[in-house]
Amino acid sequence: MSRNSNTGHTSEMEKIQRGLEAFLEQEMKEMRGKETGPQLYDLRKENVEIEDRDTEDWDAPEHRRRLKAQRIEQKRLKAQRVDRKSAKVQRVEQRNMKNSDENKKHKKLKRKRNRKKSGFKRFLLTVLILLALLAGGLYYLVGNIYDKLNYDEIELLASEPLKDEGIVNVLLIGNDSRSNGEDGRSDAMILVSINNRTKTIHMTSLLRDMYVEIPGYKNNRLNAAYSFGGAQLLLETIEQNLDIDVNRYVQVNFEAFANLVDAVNGIELELTGEEIEYVNAYLVEYNILTGRAEGTDYMDTTSAGVVHLNGPQALAYSRNRYLGTDFGRTERQRKVLEAVIKKLPAALLTNPGELFDGLLPNLTTNLTKGECYGLSLTAAKYLGYDIIQSSIPQEGTFSNATIRDMAVLEVDFEANKQYLRDTVYAEE
């Protein structure tokens, strides 16, 4: 009973399986019958179709044509992949070549720039070394020159600055003593002011007959301050009456003045016949004081015009106060000083020994060695500055007067203070 039951069941399963196989085969035929137009092949579809055709007749012409078409399509796809790969490789190679060329150019330019930078650095280093050597040599030279002059420290002014509101003020004092020292009165007072803003050098003569307030003393002429208290009191007097700070001075005596003119090989100035007569008159006193023979350096009174003056002649010309009063005298002093300044650079190159030996021992100053060195570094540019000459008091700001039996100048100091602010201390 049981065996018959199993046999029947197996027969039934076989029937179902054959029915399914027939159904699937019919479905496959219908699908092949519906194919129209060109077919696209890829590996995935190809594998499915091959599996689906396991039951096909491999010798049938239709099947062989299909296989041939598939092989052709595969070769074409493979060729496309090879072409794309080849093109990609070619692009990469071209890009690498381009990058390589750019890298070479970049490295070449970098090496060139480095060489330029290296050359420029060497040039800068050379310049710095030369400047250091020149600065060292200049400092040594200034030091040697400075040691030959007379340094007079004014303790009260030692801590005061060289500049006043950016202006370098140095008072030149011409001492009427015949030897180095502070005996006698200040025969000439010229305020030298250097203004870097306006690129000007002002030479302002301070007339010695101005009636001024002298700290600690009765009012008197300006040059009396030097006689009472030397350079320090004179600087204090100028500050009190003109309201400007002047903390440095340079004092020279008659001998230094004459030696300075001789050291630059004399100067050329235009003199009238009358001025030449006074030069000869002042030379009489100078020759006696210096022990020279009478008539030494006398000038021909008929040689009016541009003449050459040596040291003693220039000094005699500067001291004359009888032509044009004290205003004319200070103007002549400034003319001599300006002519000497113009010839100084050449004299420093051609005749430094006589210049230093004749001038420095007769010169006294409270400028420090460091300040002299600083001024020497900028001296070259000062040669291009305009030199402006003037005097205090200005015309129209004074009147002649007699006080305590002294012929003096009563001055409108407020007007002259304003003049100095507008000129010496000008902003531009």
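With which side chain does the side chain of Lys-417 make a polar contact? The partner is the side chain of Glu-414, at 3.2 Å, where a polar contact is a pair of N or O atoms within 3.5 Å; within protein, one must be able to donate a hydrogen and the other to accept it, and residues adjacent in sequence count only if both atoms are side-chain atoms. The model is predicted, so that local features need pLDDT of at least 70 and side-chain atom pairs count only at pLDDT 80 or more, while totals for chains, interfaces and linings use all residues. Residues are numbered from 1 along each chain as its sequence is written, and side-chain values use heavy atoms, with hydrogens and water left out.

Lys-417 belongs to helix H12; helices (H or I, at least four residues) and strands (E, at least two) are DSSP runs, numbered from the N terminus. Apart from neighbours within four places in sequence, Lys-417 is in contact (heavy atoms within 4.5 Å) with Asn-241, Leu-242 and Asp-243. Of these, Leu-242 lies in helix H4, residues 222-242. With a relative accessibility of 5%, Leu-242 counts as buried; buried means under 20% relative accessible area, exposed over 50%, and partly exposed in between (1.4 Å probe, protein chains only). Beyond four places in sequence, the contacts of Leu-242 include Leu-206, Ile-392, Phe-413 and Leu-420.

In one of them, Glu-165 is joined to Arg-421, with the closest N and O atoms 2.9 Å apart. Because Glu-165 lies in the loop between strand S2 (163-164) and strand S3 (167-175) and Arg-421 in helix H12 (residues 413-422), this pair ties together parts that are 256 residues apart in sequence. Arg-421 itself is partly exposed, with a relative accessible area of 35%. Another salt bridge joins Glu-275 and Arg-332 at 3.6 Å, N to O. Here Glu-275 is in helix H6 (residues 273-290) and Arg-332 in helix H8 (residues 325-350), 57 residues apart. Both Glu-275 and Arg-332 are buried.

S2 and S3 form a hairpin with two residues between them, and Glu-165 in the turn has a positive phi of about 55 degrees. The two strands pair (DSSP finds at least two bridges between them) in the antiparallel sense over two bridges, and Lys-163 has Val-168 in S3 as its bridge partner. Asp-164, in strand S2, counts as buried at 10% relative accessibility. A polar atom of the Asp-164 side chain lies 3.3 Å from the backbone nitrogen of Asp-245. Asp-164 also touches Asn-169, Ile-244 and Tyr-425, among residues beyond four places in sequence.

Strand S3 is mostly covered, eight of its nine residues being buried. On one side, S3 pairs with strand S4 (residues 186-195) in the antiparallel sense over nine bridges, with Ile-173 opposite Met-189. S3 is also joined by five bridges to strand S8 (residues 248-252), and these two run parallel. In S8, Gln-251 is the bridge partner of Ile-173.

Conventions:
A salt bridge is a side-chain nitrogen of Lys or Arg within 4 Å of a carboxyl oxygen of Asp or Glu.
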